[in-house]
Amino acid sequence: MPKVSVIVAVYKVENYIERCLHTLFSQTLDDIEYIFVDDASPDNSMNILERVLEKYPHRKSQVKIIRHSENRGVALARTNGILAATGEYMIHCDPDDYVDIDMYELMYDEAIKENSDIIFCDYIKHKKEVNSLISMNFKEVSIDYLRKPIYNGYISTLWNVLVKSEIIKKNNLLPFPKGDVGEDLALILRILYFSSTFKCLHKPFYHYCQREDSIANGSSEIEKLRKFHINIEGLINFYGNNKVYRKHCDYLKLNIKLETRKAFKENEKAWFNIYRDADRRILTIPREPLKTRILWSILLSNFMVYKFGCKIFKLIIGRPL
């Protein structure tokens, strides 16, 4: 059994994948498995994979390639990658990003040393010319705290999360959540629900390269909302009658509702009516300033109040709400 399985869903990344591959195949961890899922990529991504692999002959026996006959989306690609994984732990990597060459060895060693179900690490976000360190700041946080959806806004990715494979497979957490927006968060919340222990390595091993034409960034805000809705409804079904977790799903609804508001400027009433069942939670939503919660509680009480409030805000502040 390999120590770590690295799952990579490949689709239209010919301009980025070579850098990623070199950092993957140069890993200091020897006992590793690479699973590449070709989601019917129409470009040269897979040809580049085969060419780069020739430079690392000692890795050839560790590479599995799964091919889709047609594009089926990142969620299914990741599901098939997980099903093929045989490692003790598993982690995902996006082929337009890259990693430090000791990432998987150090994360695996930490998992074994601490007997942890999950290991998190920090990462660096590269956006145009700006590099930002994103730290997993939950040193004193319990696993129960992390399980609650609204508290872990900083845990919405899988590529900096090393997970014990049996948690996913023994608890039947597949298939991967269907929507291609928010699917990482939907799965990590399920994983946390069945996990007992976690640790965080405060080292930025992963390099997230945000680009405008990625799946998440390429969708319109309205389309993002539609895809997110698929995953939030899946979480609600997963949590069943657990009132605490269902309440936190309402918080997630409110977050995405407020984030996508500007996309509905041509149809504000349609936006206002989205997730009306969650609006009642606005006063109790964690991590938001009290004055912000009070303002939105008033604005979301009635559509005419919302319209009037937006006009007053612009008049006083000098810019749209």
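Where does N115 lie? In this predicted model, N115 is found in the loop that runs between α4 (103–114) and β6 (118–127). Although N115 is not a glycine, its phi is positive, at about 50°. The residue has 56% relative accessibility and therefore counts as exposed, because the exposed class takes in residues over 50%.

K12 is another residue other than glycine with a positive phi, in this case near 50°. K12 belongs to the loop between β1 (4–10) and α1 (17–25). Its relative accessibility is 47%, so K12 counts as partly exposed, a class that lies between the limit for buried residues, under 20%, and the limit for exposed residues, over 50%.

## A covered helix

Helix α3, which spans residues 74–84, is mostly covered, since 8 of its 11 residues are buried. The buried residues in α3 are V74, A75, A77, R78, T79, N80, G81 and I82, and this list holds R78 and N80 as well as V74 and I82.

## A nonpolar patch on the surface

Which residues form a nonpolar patch on the surface? The patch is made up of L283, L290, I294, I298 and V305, which together have about 420 Å² of accessible area. Helix α12, covering residues 290–299, gives the most to this patch, with 3 residues.

I298 is a member of the patch that is found in helix α12. With a relative accessibility of 49%, I298 counts as partly exposed, because a residue has to be over 50% to be called exposed. As a general point about such elements, an α-helix has 3.6 residues a turn, so residues three or four places apart point the same way.

## The second largest pocket

The second largest pocket has a volume of about 340 Å³. Its lining consists of 13 residues, and those closest to the centre of the pocket are R261, E268, C310, P320 and L321.

Which helices each supply at least two residues of this lining? They are α11 (268–272) and α13 (303–317), and the largest share, 5 residues, comes from α13.

Key:
Residues numbered from 1 in each chain as written. Predicted model: local features only at pLDDT ≥ 70, side-chain atom pairs only at ≥ 80, totals over all residues. Heavy atoms only, no water. Patch = residues over 30% accessible without salt bridge, like charges linked within 9 Å, V, L, I, M, F, W, Y side chains within 5 Å. Areas by Shrake-Rupley, 256 points an atom, 1.4 Å probe, with all protein chains shown as cover. Salt bridge = Lys/Arg side-chain N within 4 Å of Asp/Glu carboxyl O. Helix = DSSP H or I, 4+ residues; strand = E, 2+ residues; numbered from the N terminus. Buried < 20%, exposed > 50% of the residue type's maximum accessible area, 1.4 Å probe, protein only. 1 Å grid on protein atoms, 1.4 Å probe; cavity = no way out; pocket = protein on both sides within 12 Å on 5 of 7 lines; lining within 4 Å. Points joined across faces, edges and corners; volume = space filled by probe spheres on them.
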